[in-house]
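I set out to record the confidence of the model and the arrangement of its sheet. My entries follow the structure.

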Amino acid sequence: MNVCSGRPLVEETEPTTGQDAMAICVFVVEDNVDLNRDLCEYLEICGFEVVGCETGAAFYRALDTHTPSAVILDIMLPDTDGYELAKYARRNIDCGIMMLTSLSGMDHHLTGYKSGADVYLTKDSPLSVIEAALRPLLRRVAKVVEGDATVDDQVQEDHWMLDMLNWTLSNPDGSSATLTATERTIVRLLVEANGAWLTRPEIVMALGKADTAENCRNLDTAIRRVRQKVLREIGDELPIRTAYGRGYAFVSSAVIVGASEQV
């Protein structure tokens, strides 16, 4: 089991009490010692209480003294696999579940979601993206905890979420709209630009089409329709802005989950 920021091993810790018990607890189950340590330290800097585990057995032991609001699971562990841990967590713990693994194929994604995962990310994801994907999970958990103002205060972050596998776009409150293939790709391109402007020709060519006036007009129509859809289905304005001579930009914080090679 990993030691996070100098804390003793979970087997030797006392149950959290007092002010520490008010923190949001996240389990990181990862047998790569360096990645486990880096992720634990990063999430602690973000304000979470973090429990690092390097095996499935350590995960189960940690549950004796801690109740996680979310778990981050590797799939390939030395004594079990993350799918089994996800199934156990879904049946027994009211928490968010994130798969963080080097397995990026579509079959692995589907198995992860069927096992109970809310989010499936690969290990090459930046730490900031992992945190951004984690917070909506914590927000959903917080909604079912009555009278826990501390949790609500800690997870209020304005992140949109694009789910590439389920073809949905969700606002920070968790309301979602279903996208078409073209809409999903357009939103993905704009989110991946991290707030930068993309010209109409850039987007059109990224869609695999020729840079023609007709295709640029079709792009404008597609973006107008997805704006209307999001407003109708979510009740929130899609944060895509338009500027003459510059193109389009996604101007709110967002995270992409369920991404795969086949998009």
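I looked up the confidence first: the protein chain of this predicted model averages a pLDDT (the predictor's confidence in each residue, from 0 to 100) of 82, and 82% of the residues score at least 70. Residues are numbered from 1 along each chain as its sequence is written. Local features need pLDDT of at least 70, side-chain atom pairs count only at pLDDT 80 or more, totals for chains, interfaces and linings use all residues, and side-chain values use heavy atoms, without hydrogens and water.

I then compared the elements, where helices (H or I, at least four residues) and strands (E, at least two) are DSSP runs numbered from the N terminus. Mean pLDDT is highest for β3, at 96, and lowest for helix α6 (residues 149–155), at 43. Over residues 144–156 the pLDDT is below 50. It also stays under 50 over residues 1–22, for which I noted 44 contacts (heavy atoms within 4.5 Å) beyond four places in sequence.

I next traced the sheet, counting two strands as paired if DSSP finds at least two bridges between them. It is open, with five strands in the order β2-β1-β3-β4-β5 and parallel pairing. β2 (49–53) and β5 (119–122) each have a single partner strand, so one side of each lacks a neighbour in the sheet.

F27 has V71 in β3 as its bridge partner.

Finally, I noted that helix α3 (residues 82–92) packs on the sheet and touches β1, β3 and β4 (96–101). Helix α4 (residues 106–114) also packs there, touching β4 and β5.

Methods:
Axes are lines fitted to C-alpha atoms, for helices over the stretch in contact, and angles run from 0 to 180 degrees between N-to-C directions.
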